[in-house]
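Here are a few exercises to work through with the model open in your viewer. Try each task before reading its solution.

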Amino acid sequence: FKIGKMKVIYMSFINTVIDIWKTYGGSFLYGLGITLIITLFSLLFSTILGLALGYLNSVPRNKKSKFYLTIRILQGIAHEYIDLIRGTPLIVQAMFFYFGVLPMIGQGKMNIILVGVIVITLNAAAYLSEIFRGGIQAIDNGQMEASRSLGLSFNKSMIKVILPQAIKNMIPAILNQFIISLKDTSILTVIGTPDLMNKGDIARQTNYKSFETMIIIALMYYVIIKVLSITFNKIEEKLKV
């Protein structure tokens, strides 16, 4: 009797999941597409910003340099930015930017997808900057000294000698941040970004089948992240990191 009852419950669950997918599958796939777009663009921009911040924080302070004060001020701003982002939840950052900053600067009607890209970019850049800074500092100081002794400037030594070695070592951490940022996009539903989580939430409120709907959403996140993880592992093996 119990086995028969469990079978009925199981079949009912499967049928419900199938019905939800038939009704909302297109919407879920659209949301997944938006999630990937936000992730790809935000990781592109955050990598550029993070590299710039990591590079800046790696510049030594030479009191004899005419740029000493400028570098110190810029590094101070960079440190405060990183501490602010790492010290506050992403959901707070998203709501503060969308409901606070945009109306203040008269941009309350900015494209919501663009807002999502900006929020994830600013968040990921803070973490990537520390990855880049750590990667740069992990390179033996002798590398810099050797290149400087050959007549290369600090910037040329960094670009031609230090960064190529550092970036290769940082690949696993950078790829991991990609996955983290993809999952972080789900938080953007609080500001109405039409991503996968947002579409799932709308479906849940419409069909009153929260459990079954969220199972589908969770599986979609799992599948895409699993594919990315396998791909990234192959990249790491190829690079022999």
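**Exercise 1. Describe how helix α3 (residues 90–104) packs on helix α4 (residues 112–138).**

Step 1: get the geometry. The two helices pack at an angle of about 130 degrees, with axes 10 Å apart. Axes here are lines fitted to C-alpha atoms, for helices over the stretch in contact, and angles run from 0 to 180 degrees between N-to-C directions. Helices are DSSP runs (H or I, at least four residues), numbered from the N terminus.

Step 2: classify it. α3 and α4 are therefore oblique to each other. The scheme is: under 35 degrees roughly parallel, over 145 roughly antiparallel, 65 to 115 roughly perpendicular, the rest oblique. As for handedness, α3 passes α4 in a right-handed crossing, meaning the near helix is turned clockwise from the far one by less than a right angle.

Step 3: list who touches whom. α3 brings L90, Q93, A94, F97, Y98 and L102, and α4 brings I112, V115, I118, V119, I120 and N123; contact means heavy atoms within 4.5 Å. Sorted by class, that's 10 nonpolar, 2 polar and no charged residues. Ala, Val, Leu, Ile, Met, Phe, Trp, Tyr, Cys and Pro count as nonpolar, Asp, Glu, Lys and Arg as charged, and the others, Gly among them, as polar.

A quick note on ground rules: this is a predicted model, where local features need pLDDT of at least 70, side-chain atom pairs count only at pLDDT 80 or more, and totals for chains, interfaces and linings use all residues. Residues are numbered from 1 along each chain as its sequence is written, and side-chain values use heavy atoms, with hydrogens and water left out.

**Exercise 2. Work out the packing of α7 and α8.**

Step 1: the angle is about 165 degrees and the axes are 9 Å apart, so α7 and α8 are roughly antiparallel. Their crossing is right-handed.

Step 2: from α7 the contact uses L196, M197, G200, D201, A203, R204 and N207, and from α8 S210, T213, M214, I217, M220 and Y221. By class that gives 7 nonpolar, 4 polar and 2 charged residues.

Step 3: look at the loop joining α7 and α8 (210–239), where Y208 lies. Y208 has phi near 60 degrees, a positive value in a residue other than glycine. Most residues other than glycine have a negative phi. At 71% relative accessibility, Y208 is exposed.

**Exercise 3. Which residues touch the most other members of the largest nonpolar core?**

Step 1: among its 38 residues, the answer is F28, M158, I162 and L196. A nonpolar core is a set of buried Ala, Val, Leu, Ile, Met, Phe, Trp, Tyr and Cys residues joined through side-chain atoms within 4.5 Å.

Step 2: α1 (2–58), α4, α6, α7 and α8 each supply at least two residues of this core. The largest share, 13 residues, comes from α6.

Notes: Buried means under 20% relative accessible area, exposed over 50%, partly exposed in between (1.4 Å probe, protein chains only).
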